[in-house]
Amino acid sequence: QWWNDLGHFVASFGVGSFAGAWLAGAAVPASLVHAWPASWPMAAQAVLGLVVAEFFGYWQHRLLHSVPWLWPLHALHHSTSRMTFFKATRIHALDIGSFTFVSVAPLLTLGASTEVVLWVTAFGNFAAQTQHTNIALPTPPWVNAVVGTPSVHWLHHSLDMREGNSNFGMNLMIFDHLFGTYIPPSPEPPAVFGIQPDFVPRGFLGQLALPIESI
């Protein structure tokens, strides 16, 4: 699946992310609320931006797992039995596009600057690549409880649905704690990663068409 993953990096993740950000900017060309604390230090604004974006991203992600007709949008991302660096961008364009839109649009609506959006996006991309790598990265329990570390996110990719339906946070785990979906990682990774075999086609074009064919 290496070549498919490369194709999704360009055609799915790249195009979807750009389209989602562009649509957010087009939908909210100027602040509608003017409630953003622009006088705060940039570091504080970035943290606030992460929390705001995480709230909407958490619910987008959770709905993709819990609403049956939305699952085909997200299944591609889980259709792998190994965690590798490239799996972070093995994601359908409609999936990452909608995630980007619901994360960026609220920030623009509140009046966050482009710099804040860029910091939030940069942290999110770094977290995503780190979470999906196949490197065992020991992290203390308190870090796992706050940030989406690899060991926390690996549970979310478990074939065991008791683990897979947990840890929906992409950057921060605050809303998993608030809404009861956080599971702390154990010293050993999940026994098996992935989803039901054969749900996602092995061909690249079939993977792109899956959400449409599933309607």
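Where is the place of Asn 167? The points below start there.

1. **Ground rules.** This is a predicted model, in which local features need pLDDT of at least 70 and side-chain atom pairs count only at pLDDT 80 or more, while totals for chains, interfaces and linings use all residues. Residues are numbered from 1 along each chain as its sequence is written, and side-chain values use heavy atoms, leaving out hydrogens and water.

2. **Asn 167.** To answer the opening question, Asn 167 sits in the loop between α8 (161-164) and α9 (174-178). Helices here are DSSP runs (H or I, at least four residues), numbered from the N terminus. Its phi is near 50°, a positive value in a residue other than glycine. Most residues other than glycine have a negative phi. Asn 167 counts as buried, at 0% relative accessibility; buried means under 20% relative accessible area, exposed over 50%, and partly exposed in between (1.4 Å probe, protein chains only).

3. **Glu 54.** Have a look at Glu 54 in helix α2 (residues 42-66). Glu 54 is buried yet has no salt bridge, and the nearest side chain of opposite charge, Arg 62, is 12 Å away. A salt bridge would need a side-chain nitrogen of Lys or Arg within 4 Å of a carboxyl oxygen of Asp or Glu; for charge, Lys and Arg count as positive and Asp and Glu as negative, with His and the chain ends not counted.

4. **What Glu 54 meets instead.** The Glu 54 side chain reaches the backbone nitrogen of Asn 171 at 2.8 Å. Leaving aside residues up to four places away in sequence, Glu 54 touches Gly 169, Met 170, Asn 171, Leu 172 and Phe 175 (heavy atoms within 4.5 Å).

5. **Aromatic pairs.** How many aromatic pairs does a search of the whole structure find? The search finds 13, where rings of Phe, Tyr and Trp (its six-membered ring) pair if their centres lie within 6.5 Å, and planes under 30 degrees apart count as stacked, over 60 as edge-to-face and the rest as tilted. One of them, Phe 9 with Phe 86, is tilted, at 6.1 Å centre to centre and 50° between the planes. This pair links distant parts of the chain, 77 residues apart: Phe 9 is in helix α1 (residues 2-27) and Phe 86 in the loop between α3 (71-78) and α4 (93-110). Phe 9 is partly exposed at 38%, whereas Phe 86 is buried at 18%.

6. Tyr 58 and Trp 59 pair edge-to-face, with 5.2 Å centre to centre and 90° between the planes. Tyr 58 is buried at 0%, while Trp 59 is partly exposed at 29%. Both belong to one aromatic cluster that also includes Phe 55, Phe 56, Phe 168, Phe 175 and Phe 179.

Conventions:
Helix = DSSP H or I, 4+ residues; strand = E, 2+ residues; numbered from the N terminus. Polar contact = N/O pair within 3.5 Å; in protein donor to acceptor, adjacent residues only side chain to side chain.
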